Amino acid sequence: YSFKVNKKEKQLARKSALSYKVQENALIVVEDFSFDAPKTKNFVEILNNLKVCDKKSLFVLPESNNVVTLSARNLQGTKVVNASSVNTYSILNADALVVTENAINVINGILDKEA
């Protein structure tokens, strides 16, 4: 089964999911980061520093970063997405939402444009 969800309803759901994560203190804002080479060890170090290594986490980056994506793909419970493709289910499914500073600007631009 499937049903159509209006654009404004999708936007409202995304905003509600983000505000829910803020209320639950599950939103972590970090500076933009990148790696020289795809190393899972470096990504695990970031998870440990943020104290989200034992939680299901969603990393939101401003644009596609192949090195960071390759570094995180072997880790269970960790997902890396672009800010333009983040959806309500991904936000609510994660225990910790880690967003870079530039990704917040992209998300704000998308939500303002849809309004």
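Biologist: Which residues make the nonpolar surface patch of about 220 Å²?

Modeller: This is a predicted model. In it, V22, L27 and V29 make that patch. V22 belongs to helix α1, residues 7-23.

Biologist: How do I read the two sides of a helix?

Modeller: An α-helix has 3.6 residues a turn, so residues three or four places apart point the same way. Take helix α2, residues 40-50, where F43, I46 and L47 are buried. These residues lie on the same side of α2, because they cover an arc of only 100 degrees around the axis. K41 and N49, on the other side of α2, are exposed.

Biologist: What do the buried residues of α2 pack against?

Modeller: Their partners are β2 (57-61), α3 (66-72) and β3 (78-82).

Biologist: How should I think about a nonpolar core?

Modeller: In soluble globular proteins, nonpolar side chains tend to be buried together. Here the largest nonpolar core has 15 residues, and those touching the most other members are F33, F35, F43, L47, F59, V68 and V80. At least two residues of this core come from each of α2, β2, α3 and β4 (96-100). The largest share, three residues, is supplied by α2.

Biologist: Which residues is F59 in contact with, leaving aside its neighbours within four places in sequence?

Modeller: The list includes F33, F43, I46, L47 and L50. T78, K79, V80, V81 and V98 are also in contact with F59. Apart from this core there is a second, separate one of 14 residues, with V60, A83, L97 and L111 among them.

Biologist: Why does N25 count as exposed?

Modeller: Its relative accessibility is 69%, and exposed means over 50%.

Biologist: Where does K51 lie?

Modeller: K51 is in the loop between α2 and β2, just after α2. Its phi is near 60 degrees, a positive value in a residue other than glycine. K51 is exposed too, because its relative accessible area is 64%.

Notes
Residues are numbered from 1 along each chain as its sequence is written. This is a predicted model: local features need pLDDT of at least 70, side-chain atom pairs count only at pLDDT 80 or more; totals for chains, interfaces and linings use all residues. Side-chain values use heavy atoms; hydrogens and water are left out. Patches are made of residues with over 30% relative accessible area and no salt bridge: like charges are joined within 9 Å, nonpolar side chains (Val, Leu, Ile, Met, Phe, Trp, Tyr) within 5 Å. Accessible areas come from the Shrake-Rupley method with a 1.4 Å probe; for residues, only the protein chains shown count as cover. A salt bridge is a side-chain nitrogen of Lys or Arg within 4 Å of a carboxyl oxygen of Asp or Glu. Helices (H or I, at least four residues) and strands (E, at least two) are DSSP runs, numbered from the N terminus. Buried means under 20% relative accessible area, exposed over 50%, partly exposed in between (1.4 Å probe, protein chains only). The arc is that of the directions from the helix axis to the C-beta atoms. Contact means heavy atoms within 4.5 Å. A nonpolar core is a set of buried Ala, Val, Leu, Ile, Met, Phe, Trp, Tyr and Cys residues joined through side-chain atoms within 4.5 Å.
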